Number of protein chains: 2
Amino acid sequence: MTTRRRTDTPEPEPATLIWERPEPAERPSPAPLSRDRIVRAAMTLADTDGLDAVSVRKVAAALDAGPMRLYGYLSTKDELLDLMAEAVHAEIADALAHDPPAADWRTTLHAHAHHMRDAALRHEWFADLLGGRPHLGPAALTTLDAALAAAARHPGLADPDAAFGAVGTLHAYTAGAVRREIAERRAHRATGLDKRQWQTSVGPYLTRMLATGRYPAVARIVAGAKTPDPATAFDTGLRHVLDGIAAVTG
Amino acid sequence: MTTRRRTDTPEPEPATLIWERPEPAERPSPAPLSRDRIVRAAMTLADTDGLDAVSVRKVAAALDAGPMRLYGYLSTKDELLDLMAEAVHAEIADALAHDPPAADWRTTLHAHAHHMRDAALRHEWFADLLGGRPHLGPAALTTLDAALAAAARHPGLADPDAAFGAVGTLHAYTAGAVRREIAERRAHRATGLDKRQWQTSVGPYLTRMLATGRYPAVARIVAGAKTPDPATAFDTGLRHVLDGIAAVTG
DNA sequence: GTATCTGTCGATACAGTGTATCGATGAGTA
DNA sequence: TACTCATCGATACACTGTATCGACAGATAC
C-alpha cells in the first residue's frame with residue numbers, strides 16, 4: 001500500500017516490528033478487541049469483497065468500533081496487511097505440518113508450492129500481497145525454513161547459497177503463476193457475470209488483433225490450444241521448475 | 001487498482017478496449033493533449049515518486065490541465081495503468097528487436113527474461129503491474145509472440161500447449177522474481193536512508209527470531225550465505241527454469 | 001472520600017483519492 | 001450575426017488513511 005507516512009519526526013517507524021510488538025492489554029471497557037480479531041475481520045472482508053474493501057473504517061465498523069480504535073493495535077494499515085499475509089502463511093505452515101513426512105526433497109517442495117496455491121485460491125488477495133513486501137513474520141519464516149530444509153536434502157544443494165537460490169526460484173515461480181492465475185480468474189469472473197461484455201469487447205478485440213497477422217505464433221497457439229485446467233497448468237510449470245532444480249549437480 | 005466502477009448502467013464497461021479506442025481529435029483550444037502525453041506524464045511521475053504518486057489530479061496538473069480533462073482520453077484510472085504497462089512492454093519489444101538474431105530458443109528466452117527485468121529496474125512500478133491484470137495491448141502481444149516463436153524452436157515444444165506452458169512458466173518466474181527483487185530493493189532503500197532503523201528494528205528482530213532455534217535451516221543459510229548480487233541471483237533462477245524447459249522431451 | 005494524575009478512546013478534522021454532474025464557454029454552421 | 005452543440009473543467013460526493021486533542025475513566029495520593 002505504502003500510503004502516507006506516520007509522522008516524519010525522529011523515529012521514522014516503530015522500533016519493533018508488528019509481529020513481536022505487544023498488544024495493549026484488552027480492557028473490557030467498550031468491547032474486547034484484539035489484534036487477532038482485527039485481522040480476522042479484515043480477512044473475511046477481503047475474502048468476500050476484495051482487498052480494496054479492507055479499509056480501516058470498514059474493519060473497525062465490523063468490530064463495532066471507531067476507526068481510530070484500531071490504531072492502538074496497529075500503527076499503520078500496511079501492518080494490517082502484513083498481519084493478514086502472516087495469517088495465510090500460518091495456514092500454509094499448518095497444511096505443511098499435516099502432510100505425511102517425505103524424505104524426498106522434491107515431493108516436499110511440490111506440496112509446498114501447491115499449499116501456497118491452495119491458500120491463494122482460498123484468499124485471492126494473498127496473491128497481490130505475496131511479492132509486494134518482504135514477509136518476515138514467524139509463520140512466513142516457518143514455511144521458509146521448511147522449504148530450505150527440504151532443499152538441503154538434495155545432494156546438489158549442499159551449498160547454502162545454492163539451496164537458497166533454488167527455494168527462491170520456486171517461490172518466484174509460485175508467486176508469479178498464482179498471481180496470474182488469480183488475475184485471469186478475476187477477469188473472467190468480472191466479464192463472466194455479464195458475459196456479454198467479453199463477447200462484445202475483449203473477444204472481438206483479440207480476434208481482430210490476431211487477424212492482423214502480426215502475432216502468428218500467438219494465433220497458432222490460440223488455434224491449437226486445448227486450454228488445460230489451471231491446476232494442471234500450474235503443475236506443468238512447477239514440474240519445469242523442479243526439473244531445473246533437480247538438474248543441479250553438486 | 002480496481003476502484004469504483006464507472007456507472008452501473010447497462011453497458012458495464014466501454015465496448016472497446018483502450019488500446020484501439022480512438023482518441024478524441026486534439027483541438028488546440030487550451031493545450032494540445034494526447035493519450036501519449038498523458039501516459040508519459042504518468043510514467044515520469046511513477047518513476048520519480050512511485051506508483052502511489054500517480055493520481056488523476058497530479059497527472060493532470062503535470063500537463064497543466066484540470067483533472068476531468070483526462071477522462072476524455074481514458075475512461076478509468078485502471079486504463080491509465082494498462083497503458084503504462086503497455087508502454088513498458090513496448091520498451092521490451094524494442095529491446096528484443098535490437099537483439100542479434102539467435103536461432104537458439106534458449107538464448108532468445110534468456111534475453112527475453114533479462115529485458116523484462118531491465119525494464120522493471122528502469123520502472124519499478126512495472127513489477128507491481130505485471131501480474132495484476134492480463135496485459136493484452138499490442139506491444140504485450142508482440143513480446144508474447146516473440147517468446148512463443150522462440151519456444152516453438154525447441155523440438156520438445158512442438159505441441160502448442162507445451163510451448164504455451166513453457167512460456168507461461170518463464171513469465172511466471174520472471175514476474176515473481178522481479179517483483180520480489182524490487183520489493184527488497186524498496187525495503188532496503190526505505191530503511192537504508194535512515195539505516196538506523198534497520199539496525200534498531202528489523203536487524204535485531206531477525207537475530208532474535210533466529211536465536212529462538214525455531215528456524216534452523218534459515219539460520220544455517222543466513223550464517224553461510226555469500227548473498228550474491230541480484231543480477232546473478234536472477235540468472236541462477238532463470239537457469240533453473242530454462243534447464244527445466246530444456247528437459248522436456250518431445 | 002475526595003482530588004489529582006494519567007492514559008486511553010474515539011469524534012472531529014485534514015488532506016488526499018476517483019469520478020459523476022452540469023453550467024459556462026467556445027467553435028462551427030446556417 | 002444568431003444559433004446549435006460539443007467539450008472543458010469547477011464543483012461536489014463519497015470515500016480513503018491518519019493526526020489531533022477534548023473528554024472521560026481508572027488508578028493513585030492524601
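**Entry 1: two helices in chain B.** I began with helix α1 (residues 35–49) of chain B, which packs against helix α3 (residues 77–97) of chain B at an angle of about 85°, the axes being 10 Å apart. That makes α1(B) roughly perpendicular to α3(B) (65 to 115 degrees counts as such). On the α1(B) side, the contact (heavy atoms within 4.5 Å) includes Arg35(B), Ile38(B) and Val39(B), and on the α3(B) side it includes Leu80(B), Leu83(B) and Glu91(B). I sorted the contact of α1(B) with α3(B) by class: 10 nonpolar, no polar and two charged residues.

**A note on the model.** I am reading a predicted model, where local features need pLDDT of at least 70 and side-chain atom pairs count only at pLDDT 80 or more, while totals for chains, interfaces and linings use all residues. Residues are numbered from 1 along each chain as its sequence is written, chains are lettered from A in the order written, and side-chain values use heavy atoms, without hydrogens and water.

**Entry 2: Gly131(B).** I found Gly131(B) in the loop between α5 and α6 (138–152) of chain B. Gly131(B) is buried, with a relative accessible area of 11% (buried means under 20%, with a 1.4 Å probe and protein chains only). Leaving aside neighbours within four places in sequence, I see Gly131(B) in contact with Arg179(A), Arg180(A) and Ala183(A). Ala172(B) lies 41 residues from Gly131(B) in sequence, yet 8.3 Å away in space, C-alpha to C-alpha.

**Entry 3: the lining.** I then looked at what lines the largest cavity: Gly131(B) is one of the residues, and others include Gly131(A), Arg179(A) and Arg179(B).

Notes
1 Å grid on protein atoms, 1.4 Å probe; cavity = no way out; pocket = protein on both sides within 12 Å on 5 of 7 lines; lining within 4 Å. Axes fitted to C-alpha atoms, helices over the stretch in contact; angles between N-to-C directions. Helix = DSSP H or I, 4+ residues; strand = E, 2+ residues; numbered from the N terminus. Parallel < 35°, antiparallel > 145°, perpendicular 65-115°, else oblique. Nonpolar A, V, L, I, M, F, W, Y, C, P; charged D, E, K, R; others polar. Buried < 20%, exposed > 50% of the residue type's maximum accessible area, 1.4 Å probe, protein only.
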